[in-house]
Amino acid sequence: MASSTTSKTPMEDAIRTKITEALRPSRLEIANDSHKHAHHAPMAGSTSKETHFRLVITSDAFASKMQRSRHRLVYDLLKDEMAQEGGIHALQLRTMTPDEELRSQQREQEQEQEQSATNTAEAR
């Protein structure tokens with residue numbers, strides 16, 4: 001017997017599918033921040049629970065593209081979801097190539113090590 005379950009997160013599912021198919025990301029994080037914005041005036045009367053998203057995307061497809069072009073690419077992929085009633089109202093994007101992600105991780109590790117050394121020195 002076939003199940004006719006409807007997704008409780010159709011907008012997130014559409015985002016994941018479109019970005020995965022078009023950009024083949026090595027990393028894709030999708031956070032639904034809609035609950036943080038439900039009280040805003042533009043959301044009055046909206047019954048959608050999927051209007052505000054924060055995305056982190058790492059993909060080779062972003063190589064040699066400036067941030068503005070990367071963001072435009074993502075917005076173009078999701079234009080239908082942004083145009084529909086109760087659809088995406090806002091996107092926060094962090095886009096990077098695998099090399100940029102690696103450099104970012106290395107910087108974070110260095111900062112953590114420096115902070116740890118500072119805390120150790122202050123404790124003495």
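**Notebook: helix packing and the sheet**

The model is predicted: local features need pLDDT of at least 70, side-chain atom pairs count only at pLDDT 80 or more, and totals for chains, interfaces and linings use all residues. Residues are numbered from 1 along each chain as its sequence is written, and side-chain values use heavy atoms, with hydrogens and water left out.

I read an angle of about 125° between α1 (residues 10-23) and α2 (residues 67-77), with the axes 10 Å apart. Axes are lines fitted to C-alpha atoms, for helices over the stretch in contact; angles run from 0 to 180 degrees between N-to-C directions. Helices (H or I, at least four residues) and strands (E, at least two) are DSSP runs, numbered from the N terminus.

I then listed the contact (heavy atoms within 4.5 Å). α1 gives Lys-18, Ile-19, Ala-22 and Leu-23; α2 gives Leu-73, Val-74 and Leu-77.

Next I checked the sheet. It is open, with three strands in the order β1-β2-β3 and mixed pairing. Two strands pair if DSSP finds at least two bridges between them. β1 (27-32) and β3 (90-96) are the edge strands, each pairing on one side only. The twist averages 10° from one strand to the next.

I followed β2 (residues 52-58): seven bridges join this strand to β3, and the two run parallel. His-52 has Ala-90 of β3 as its bridge partner.

Last, I placed helices on the sheet. α1 lies across β1 and β2, at about 20° to β2. α4 (residues 98-123) lies across β1, β2 and β3, at about 90° to β3.
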